[in-house]
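Me: I have a structure open beside its sequence and would like to go through it carefully. Could you answer some questions about it?

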Amino acid sequence: MSLEKLIANCKKGNRSAQEQLYRKYSDILFGICLKYSRNKTEAEDSLHDSFITIFDKIGQYRSKGSFEGWIKRITVNTVLQKYRKEEHLKVVTENIGEEVEFESEGYADIGLQTLLKYIQELPNKYRLTFNLYVLDGYSHKEISKLLGTSPGTSKSNLARARTILKEKIETETTRSIIGILIIAVVGTL
């Protein structure tokens, strides 16, 4: 069944078409949910909420632009809406300070799963800002609108997220080097 026909059937409330649409896009949207969530359970909840919103609003899709882009935007907005309701996104200060840049050299051995774990461990305001800016390419102005903060707060949150991630990566790298040295020393005994 073509995507256009599938969308048309979903607009009519056809459960079979909704199931097919879910199967077609759930993995992609789950990746987005996981990126913005603290853990797998929270991501699963967000995926469920996203599909409820998608099926509820599918009648508003007018076949202008990418359908996948449309459902991705709904998913990001659904996840962010949960955090907007929490007071944790509010920042007391807008002290931007100096932005920390990642030096990619020396960190190539950090696994993707480890990096995702570190991103998920960030406090909400830092994780959301980092993902929106670094991974999804939003500007600080766009982020401030999405999160209900100022562009300065967005810049500050990004700088702090980068600092925290850099510290975690450096700690992991140091642990790996120490582990290699211990194995080498034990191996010579």
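The questions below go from the overall fold to one helix pair and then to confidence.

Me: How are helix 2 and helix 3 oriented to each other?
Reply: The axes of helix 2 (residues 15–36) and helix 3 (residues 40–57) come within 9 Å and cross at roughly 135°, and the crossing is right-handed. An angle over 145 degrees would count as roughly antiparallel and one of 65 to 115 as roughly perpendicular. The two helices are therefore oblique.

Me: What classes of residues make up the contact of helix 2 with helix 3?
Reply: On the helix 2 side the contact includes Leu21, Tyr25, Leu29 and Phe30, which belong to a group meeting residues of helix 3 that include Leu47, Phe51, Ile54 and Phe55. By class, this contact has twelve nonpolar, four polar and two charged residues.

Me: Which element has the highest mean pLDDT, and which stretch has a pLDDT below 50?
Reply: The protein chain averages a pLDDT of 82, with 79% of the residues scoring at least 70. Among its elements, helix 8 (residues 151–188) has the lowest mean, 80, and helix 3 the highest, 95. Where pLDDT is low, the predicted coordinates should not be read in detail. The element asked for is helix 3, and the stretch below 50 is residues 88–108.

Conventions:
Residues numbered from 1 in each chain as written. Predicted model: local features only at pLDDT ≥ 70, side-chain atom pairs only at ≥ 80, totals over all residues. Heavy atoms only, no water. Axes fitted to C-alpha atoms, helices over the stretch in contact; angles between N-to-C directions. Helix = DSSP H or I, 4+ residues; strand = E, 2+ residues; numbered from the N terminus. Parallel < 35°, antiparallel > 145°, perpendicular 65-115°, else oblique. Left-handed = near helix turned anticlockwise from the far one by under 90°. Contact = heavy atoms within 4.5 Å. Nonpolar A, V, L, I, M, F, W, Y, C, P; charged D, E, K, R; others polar. pLDDT = per-residue confidence, 0-100.
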